[in-house]
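Hi everyone, thanks for coming. Let me put the model up, and then we can walk through some rings and helices together.

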Amino acid sequence: FQLLKKGGVLLVIYWLIAGIISVCQNTIGIAIGKAVGLEAPYALLSSAISMIGGHGAAASYGSTFVEMGYAQGTLVGAAAATFGLISAVLIGGPLGRRLIVKYDLKPSVDDTFIPGDVMNVNAESSQKLTGSDIMKNVTAILACMAVGSMVSAQIGKLIGMSFPTYVGAMFVAVILRNVNEKAKFYRFDYPLVEGIGDVMLSLYLSMALMTLKLWELAGLIGGVLLVVLCQALFMILAAYFVVFRILGKNYDAAVMCAGLCGHGLGATPSAIVNMTAVTEKYGMSHRAFMIVPIVGAFLVDIIYQPQTIAFIKFFVQGFTG
């Protein structure tokens with residue numbers, strides 16, 4: 001919440017842009033799916049669920065669709081998310097570089113206007129973690145997962161469909177992190193939590209990719225591939241011709257467009273990779289590195305999740321229920 005205050009109007013604008021893009025992605029998926037005869041669940045899994053949501057959302061919603069009777073849901077989600085992850089890093093850096101070179105952009109002279117940015121807020125403590133500190137951090141993660149699962153289950157009952165458990169866990173974790181900043185229940189250590197996340201994500205992706213049975217997609221691959229290719233093309237055109245101008249047509253805007261391609265097609269780490277590749281060559285953008293991660297990792301879900309559920313209720317349950 002400290003970071004939200006520091007982001008100001010630019011953060012709100014970027015957040016709304018990311019949310020609108022997620023709506024456009026679902027609209028594109030459904031439209032193309034109808035045109036080529038791809039069933040709505042698979043079209044949606046090739047849209048914002050896998051593009052904005054990444055592998056975690058693809059697996060969760062894929063399982064939901066499997067329960068609804070769409071047997072290849074998990075497989076389609078994993079394949080689409082993998083394509084998005086690869087295309088995100090292939091597109092973002094070159095797009096940002098193109099904008100910078102074309103308009104001869106330079107880093108802002110007051111680029112340190114946010115002294116307490118993401119890196120400072122999440123900076124590593126100089127104190128050595130004890131075994132008790134590590135256990136408390138791990139316990140907090142497990143508690144968020146447990147309570148979040150129950151929250152997701154209750155939301156699922158309200159909306160009449162399975163709701164991804166990771167979303168509930170994420171919102172519980174947001175509350176815990178902010179309450180702990182004031183109450184100091186335990187010594188939160190961001191590098192430790194990030195390291196645990198990196199290990200778990202690597203294990204998950206390894207298992208998911210090794211178990212992909214792409215031959216089972218034979219009847220769907222054409223439609224799914226067409227949708228994800230259109231998603232990548234849409235992101236390029238939207239970022240280059242529209243978002244760059246809305247964000248101010250300056251250096252920060254170019255770097256943020258590179259980040260948008262990262263988390264708009266892949267995941268927040270992809271956004272960081274894209275922005276790092278650009279800023280290492282052309283100069284730092286503190287605005288981009290503060291705004292993009294917090295929107296990509298959390299804020300965009302506030303818009304992306306409800307509208308995705310609305311698409312599912314109308315285009316999937318509305319036709320099968």
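I'll start with a rule: rings of Phe, Tyr and Trp (its six-membered ring) pair if their centres lie within 6.5 Å, with planes under 30 degrees apart counted as stacked, over 60 as edge-to-face and the rest as tilted. By this rule there are 6 aromatic pairs. One of them, Phe171 with Phe298, is edge-to-face, at 5.5 Å centre to centre and 70° between the planes. Phe171 sits in helix α8 (residues 165-183) and Phe298 in helix α13 (residues 286-320), so this pair links parts of the chain 127 residues apart; helices here are DSSP runs of H or I, at least four residues, numbered from the N terminus.

A quick word on the source: this is a predicted model, where local features need pLDDT of at least 70 and side-chain atom pairs count only at pLDDT 80 or more, while totals for chains, interfaces and linings use all residues. Residues are numbered from 1 along each chain as its sequence is written, and side-chain values use heavy atoms, leaving out hydrogens and water.

Now, bends, meaning the angle between axes fitted to the seven residues ending at a residue and the seven starting there. Helix α1 (residues 2-36) bends by about 100° at Gly8, and Gly37, with a positive phi near 80°, follows α1. Helix α10 (residues 221-246) has a kink of about 45° centred on Ala239, and after α10 comes Gly248, whose phi is positive, near 120°.

Last, helices α11 (residues 251-265) and α12 (residues 268-282) pack at about 150°, their axes 6 Å apart.

Terms used: Axes fitted to C-alpha atoms, helices over the stretch in contact; angles between N-to-C directions. Helix = DSSP H or I, 4+ residues; strand = E, 2+ residues; numbered from the N terminus.
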